[in-house]
Amino acid sequence: MFRAILIDKQDGAQSARLAEVSENDLPEGAVTVRVEYSTLNYKDGLAITGKSPVVRKFPMVPGIDFAGVVESSTSSDWEAGDRVLLNGWGVGEGHWGGFAQKARVKAEWLQRVPEKFTSQQAMAIGTAGYTASLCVDALIDHGLTPDRGEVLVTGASGGVGSIAIALLARAGFEVVAATGKASEADYLKALGARQVIDRNELSQPGKPLQKERWAGVVDSVGSHTLVNACAQTKYRGFVTACGLAQGMDFPASVAPFILRGVSLLGIDSVMAPREPRQQAWARLARDLDSSALDRVSKIVGLEQTLQAAQDIIGGKIRGRLVVDVNR
Ligand code: NDP
């Protein structure tokens, strides 16, 4: 038996609890992993609270990522003792995930934990940090360079935002952080933001074309914020869109795209192929120092994730919440 968070659905109502689960109930997969740490992502908050239909099968163990040690493997790619991590692939949505002491998954879903990181640090980064790195890679791979000007990061105090600031600052960009939490200005500056602005400047409906300011944008907020960010992006600038913390809608005009040549780059971490995943983790291993990870993360036990899930949906979490599944 092992401990896990279980999400169940009865008579149309969804509920989540801490449960004892039998190893015989683990899903099919070539590799069984002794999970050490997972992390609470926004999507896990949606799954546990049931606020969005993220979970596609019941009962479900949530947790879209985890890091741990291979216990057994029928795949030649992995052997007992290997340090592995997993991000996405529908884990925690359609296949049992990381909020458990054990997981069983497909061999090709796993990656090695970079040498530099402990399992705990890998999950302080988690899917949010890996997605931030995919966003930064997308901007730079499309040719964005620091001399082009300021880069805006929205949802700045969140998981994606916090790590994006640290990575962009490290790559030499002048970062402007948009946040709803004025009290977090020092935290955001310590991560590398040059300037902090109020997210209300971006969250209301605005004109289709506005004064050009951003050379690039990392947006994890969507809705009017993303629309305004596009409308303020400089000629031939780049905007990455990865999130929907404000909303899934995109009430935009095509003006920034057809009159200023702005490019909107979509970022998906769940089904991203191996190569961009490895590139994103390589950037994290190279550019993130562990002091930044300590600043952005806090550890909770399995049971505490039930309350923390409410908090992340309420926008009350700063940085990353690491889940110690053995606590
Ligand atoms: P967090 O909850 O950690 O951060 C989101 C941040 O957005 C909050 O901290 C807050 O920052 C800001 N925010 C919250 N509510 C609102 C609102 N109503 N209007 C404007 N800003 C708001 O989540 P993550 O960083 O983990 O994830 C961010 C988004 O990215 C989520 O929507 C998530 O689903 C998505 N995501 C997508 C992935 C993909 O593969 N495409 C992968 C990972 C995440 P502040 O207070 O500083 O303004």
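Start with the largest pocket, which holds about 1,400 Å³ of space. A pocket here is an open set of points on a 1 Å grid over the protein atoms alone, where a 1.4 Å probe fits, with protein on both sides within 12 Å along at least five of seven lines. Its volume is the space filled by probe spheres set on the points. You are looking at a predicted model, in which local features need pLDDT of at least 70, side-chain atom pairs count only at pLDDT 80 or more, and totals for chains, interfaces and linings use all residues. Residues are numbered from 1 along each chain as its sequence is written, and side-chain values use heavy atoms, without hydrogens and water.

Now select Tyr42, Ser220, Gly243, Leu244 and Ala245: of the 49 residues lining the largest pocket, these lie nearest its centre. Lining residues have an atom within 4 Å of a point. Next, colour domain 1 (2–113 + 292–324) and domain 2 (127–266); each gives the lining of this largest pocket at least three residues. The domain bounds come from an automatic or database domain assignment.

Move on to the second largest pocket, with about 200 Å³ of space. Select Lys298, Lys316, Ile317, Arg318 and Leu321, the closest to its centre among the 14 residues that line it.

Last stop: the cysteines. How many disulfides (pairs of cysteine sulfur atoms within 2.5 Å) does a search of the whole structure find? The search finds 0. Select Cys135 and Cys242, whose sulfurs are 4.1 Å apart. Cys135 is buried (under 20% relative accessible area), because its relative accessibility is 0%. Finish at Cys230: its sulfur is 13 Å from the closest cysteine sulfur, in Cys242, so the two are too far apart for a bond.

Terms used
A disulfide is a pair of cysteine sulfur atoms within 2.5 Å. Buried means under 20% relative accessible area, exposed over 50%, partly exposed in between (1.4 Å probe, protein chains only).
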